[in-house]
Amino acid sequence: MKADDAVVLAQALTKRFGAFTAVDGLDLAIARGEVVGFIGPNGAGKSTAIRLLCGLLRPSAGRAIVAGYDVGREPEAVREHIGYMSQKFSLYGDLTVRENLQFFGGLYRVPRRELEQRMGLAVALAGLEGRERALVRTLAGGWKQRLALGCAILHRPPVLFLDEPTSGVEPEARRKFWDLIHHLASDGVTILVSTHYMEEAEYCNRIALIDAGRLVAIGSPGSLRRRELGGTLYELECSALGAAVAAANSAPGVIDAAIFGDKLHVLMAQGADTAELARLLGRARITAGPPRAIIPSLEDVFVRLVAKPRDRRSGA
Amino acid sequence: MFDRLRVMLMKELLELHRDPWAMFRLVVPLLLQLFAFGYAATFTVNHVATSVLDLDHSQESRGLISHFAATGRFDFVDFATSQADVTRDIDAGRATVAIVIHAGFARDLLNGRTGPLQVAVDGTNSNTALIALGYVGRIVARYQADRTGVTVPAAAAGASGVSVTLRERPWFNGGLEDRWFFIPGLIGTLTLIQVVSLTAFAVVREREVGTLEQIMVSPIRPIEFILGKAAPFFFIGLGEVLLITMVGEWWFHIPFLGSPLVMLLGASLFLLAALGLGLLLSTLSRTQQQAFALNFFIVNPFFILSGFAFPIAAMPAAMQWFTWINPLRYFLVVTRAVFLKGVGIAVLWPDLAVMGLLGAVLFGLSILRFRKSLD
Ligand SMILES: Nc1ncnc2c1ncn2[C@@H]1O[C@H](COP(=O)(O)OP(=O)(O)OP(=O)(O)O)[C@@H](O)[C@H]1O
Ligand SMILES: [Mg+2]
C-alpha cells in the first residue's frame with residue numbers, strides 16, 4: 001500500500017517517558033476499511049501508541065497522519081474525524097444510557113435532527129432497546145462496551161481507535177462486539193483495535209505484533225503464520241516438559257521448541273527429519289508421543305517472535 | 001460554543017442530582033462551621049478566673065473588689081491569704097488574673113496619694129491577658145471616678161484646669177459584638193473553602209475515572225470545558241452565600257444595612273476568583289490525594305492572610321503583599337461593609353474591581369493551563 005492511501009499513518013512514531021521508551025519508532029500504514037489489531041503483552045506500548053495517534057499524547061519523535069490531518073499540527077481536525085474508546089471504561093455511570101448518548105452527541109455537535117435517529121441506532125447496536133433510562137453503571141460489561149462504542153461513533157467518524165474494548169467481557173459478548181466492528185468496517189470505517197485475546201487476532205485483516213514498544217511483525221493472520229515461522233511446526237505430547245524443551249532444542253534441524261499448554265511445540269527446518277528428535281527425547285528418558293505436523297496458531301507465531309527475541313538475535 | 005456548554009452543564013447537573021450525598025456535603029459542613037464560629041469564636045473575655053489577695057482589709061479595698069465583682073468579667077476562684085497563695089494560683093493555672101491590694105491602700109487614698117494595687121496576669125494566652133488587663137484598667141478608672149466624683153482624665157489634668165472627657169461611641173457595631181465581625185466574614189471564608197475544593201475535585205475525579213480522557217479526545221474547546229465545569233459551582237457558591245447571609249440575619253441577628261445587589265455583585269466576582277483558583281489547582285493535580293494536599297496547602301494561607309481574624313496591618317510586610325492578591329481579603333471588606341456599614345459601590349468599587357481582575361486572571365490561567373493532552 002502506498003503511504004498516500006493510508007487513512008492512518010505513523011512514521012517513526014516514538015514516545016519516551018523520561019528515560020523509558022514506551023513506543024519506539026513505530027511505522028504503520030492502515031488503508032480505508034481495514035481492521036488492524038494491536039497485539040502485545042502488558043506494557044508493550046499499545047495504549048501509548050493509540051494515544052499518540054489520537055493526539056492525546058505528544059510524540060517525542062516521528063509523526064502521525066490520521067484521516068488526512070497531521071496529528072501534531074492539526075489535532076482538532078483529527079479529533080473531529082476519529083472515535084476513541086479508552087482502555088478504561090469511560091462513560092458516566094451516574095447518567096442513563098440516553099443521557100450519555102446525548103452528552104457525547106452534544107460534544108461532537110451532532111445536529112439535533114440527526115442525533116435522535118443516531119441515538120436510536122446506537123441503542124439498537126448495543127442491544128439496549130427499552131433500557132434507555134437505565135443508569136449506565138447498572139449495565140453488565142458487554143452492554144457497557146457496546147454502548148461505549150455507540151457513543152464513540154455518534155459523529156460517524158471515518159477512523160476508530162479501540163483500546164482493548166473487549167477486555168473483561170464474556171466470550172459471547174466479545175463475539176457480538178466483533179460483529180459490530182466488522183459491520184462498521186464494511187461501511188468503510190478504518191479501525192485500529194488492541195487486544196489481549198489471541199483468538200481475536202484472527203478476526204483482524206492485519207495484525208501488528210507489538211513488544212517492548214517495537215513493531216515486531218505485521219501482516220494478515222495467514223501470512224504471519226506462513227511467513228514468520230519459516231519451517232514446519234510439530235506438536236507432541238510428552239512427559240517432563242521442561243527437560244523436553246532442552247532436549248528438543250539440542251536436536252539437529254530444530255529451530256525452536258516451546259511449551260504450549262500441556263504439549264510441546266517444535267519448529268523444524270523445512271525437510272528436516274523428526275526421527276533424530278524422537279531419539280534424543282528417548283535418550284533423555286522422556287516418553288513422547290509421535291510428532292504431528294500442525295498448522296501454527298498465531299500464538300505460536302507470537303511466542304516465536306516476542307518471547308524469544310534474544311534467541312533469534314543470537315541465532316541469526 | 002453554547003451547544004457544548006449546554007451539554008457540559010446538563011451533565012454536571014445530572015451527576016450532582018444523582019449524587020445522594022451532594023446536598024449533605026454542600027450544606028452540613030457549612031452550617032456546622034457557621035454555628036461553631038457564631039457561638040465559639042469570640043474575642044470577648046468573660047468569667048476570668050481571678051485570685052484576690054486583700055492585705056489592707058479596709059472599706060476602700062473591699063469597695064475596689066466589689067467593683068471587679070460587679071462587672072461579671074471576673075470570677076473569684078480564691079481569696080488568698082498570702083502572696084505565696086497567689087503565685088501558686090497563677091502557676092497552677094487556677095487563676096488567670098491575680099489582684100493584690102497591699103496594706104496601706106486605704107491610708108494612701110485618704111491622704112490623696114496613689115494607692116498601691118498589684119495586678120498579675122498569666123500571659124500564656126497573650127490575647128486574653130491583654131483584654132483582661134484592659135478591663136482591669138477600666139474598672140480601676142471607674143472606681144476612682146466613683147470615689148472622687150470626677151472622671152479620670154479630668155482629675156489627671158486637674159492642675160492645668162483643662163477638663164477632657166472620653167466617651168466611647170463605636171460606630172457600626174455599637175455593642176462591639178465579635179459575632180457581628182465574624183459572621184459576615186464567614187461568608188467569604190467558608191464559600192472559598194467549599195468552592196475551591198469542590199471545583200478542584202470535580203476535574204480530578206474525571207481524570208481518575210477516565211472520563212476526562214474521553215472528553216479530551218473530542219473537539220471540545222478548553223473554555224467550553226472549563227466554563228461547563230465551573231458554572232454549576234458558581235450557582236452553588238451563590239446559594240451558600242445566601243444561606244450564610246440568611247442564617248446570620250435571622251439566627252444571629254446580624255444587621256444587614258447595605259444593598260443585596262452590591263452583595264450579589266461582590267459575591268459573583270469573588271466566586272469567579274475562587275472557581276479560577278479551584279480549576280487551577282485541578283490542572284496541577286493528577287490524583288484526588290494531590291488535589292487534597294494542594295487544596296490544604298493553598299487555602300489555609302488564603303484564610304489566615306485575609307484579615308478574617310488577624311489584622312492585616314499587624315502582619316510582616318511580605319505577608320501584607322500576599323494579601324494584595326488574596327481575593328478573600330477584598331470580599332471580607334465588601335461583606336463587612338455591606339452588612340454593618342451599609343455602604344455601596346461608591347465606596348467599594350476598588351475592592352470589587354480588584355476581585356474582578358483576580359478572577360479574570362485566575363480563570364484565564366486555568367483555561368490556558370488546561371491542555372487537551374495526557375502528557
Ligand atoms: N504517562 C506515563 N508515564 C510513564 N510511563 C508510562 C506512562 N504511560 C505508560 N507508561 C509506561 O509505558 C509502557 C507502555 O504502556 P501502555 O499502557 O502503552 O502498554 P499497553 O501495551 O497498553 O499495556 P496493557 O496491555 O497493560 O494495556 C508501560 O511500561 C507503562 O508503564
Ligand atoms: Mg493498554
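A residue is taken as buried when its relative accessible area is under 20%, as exposed when that value is over 50%, and as partly exposed in between. On this basis, in the predicted model described here, buried residues account for 52% of the 316 residues of chain A. The secondary structure of this chain comprises twelve helices and 14 strands, and its C-alpha atoms occupy a box of roughly 75 × 45 × 35 Å along the principal axes.

Ligand 1 is surrounded by 14 residues, of which the closest are G43(A), K46(A), S47(A), T48(A) and Q87(A). Several contacts to oxygen atoms of the ligand can be described individually. A backbone N or O atom of G43(A) is placed 2.8 Å from an oxygen atom of ligand 1, and a polar backbone atom of A44(A) is found 3.2 Å from an oxygen atom of the ligand. In the case of K46(A), a polar atom of the side chain lies 2.8 Å from a ligand oxygen. Taken on its own, ligand 1 has 640 Å² of accessible area, and the protein covers 65% of this area. Two elements of chain A, strand β2 (20-30) and helix α1 (46-54), are those that give two or more residues to the shell around the ligand, and α1(A) gives the most, with three residues. By residue class, the shell divides into five nonpolar, seven polar and two charged residues.

Helix α1(A) is itself mostly covered, given that eight of its nine residues are buried. The buried set consists of K46(A), S47(A), T48(A), A49(A), I50(A), L52(A), L53(A) and C54(A); K46(A), S47(A) and T48(A) are also listed among the residues closest to ligand 1. Just after the helix, G55(A) adopts a positive phi of about 80°.

Elsewhere in chain A, N100(A) is located in helix α3, which spans residues 97-107. The relative accessibility of N100(A) is 0%, and the residue therefore counts as buried. A polar atom of the N100(A) side chain lies 3.4 Å from the backbone oxygen of L95(A).

The side chain of Q214(B) is joined to that of S90(A) by a polar contact of 2.7 Å. Because its relative accessibility is 8%, Q214(B) is classed as buried.

Two further sites in chain B are partly exposed. R179(B) belongs to helix α8, which covers residues 178-209, and its relative accessibility of 28% is the reason why R179(B) counts as partly exposed. The C-alpha atom of R179(B) is separated by 7.8 Å from that of I254(B), although these residues are 75 residues apart along the chain. M246(B), in turn, is part of helix α10 (residues 222-250) of chain B, and a relative accessibility of 33% likewise places M246(B) in the partly exposed class. Together with L242(B) and W250(B), M246(B) makes a nonpolar surface patch of about 360 Å².

Definitions and conventions: Residues numbered from 1 in each chain as written. Chains lettered and ligands numbered in written order. Predicted model: local features only at pLDDT ≥ 70, side-chain atom pairs only at ≥ 80, totals over all residues. Heavy atoms only, no water. Patch = residues over 30% accessible without salt bridge, like charges linked within 9 Å, V, L, I, M, F, W, Y side chains within 5 Å. Areas by Shrake-Rupley, 256 points an atom, 1.4 Å probe, with all protein chains shown as cover. Salt bridge = Lys/Arg side-chain N within 4 Å of Asp/Glu carboxyl O. Helix = DSSP H or I, 4+ residues; strand = E, 2+ residues; numbered from the N terminus. Buried < 20%, exposed > 50% of the residue type's maximum accessible area, 1.4 Å probe, protein only. Near = heavy atom within 4 Å. Polar contact = N/O pair within 3.5 Å; in protein donor to acceptor, adjacent residues only side chain to side chain. Nonpolar A, V, L, I, M, F, W, Y, C, P; charged D, E, K, R; others polar.
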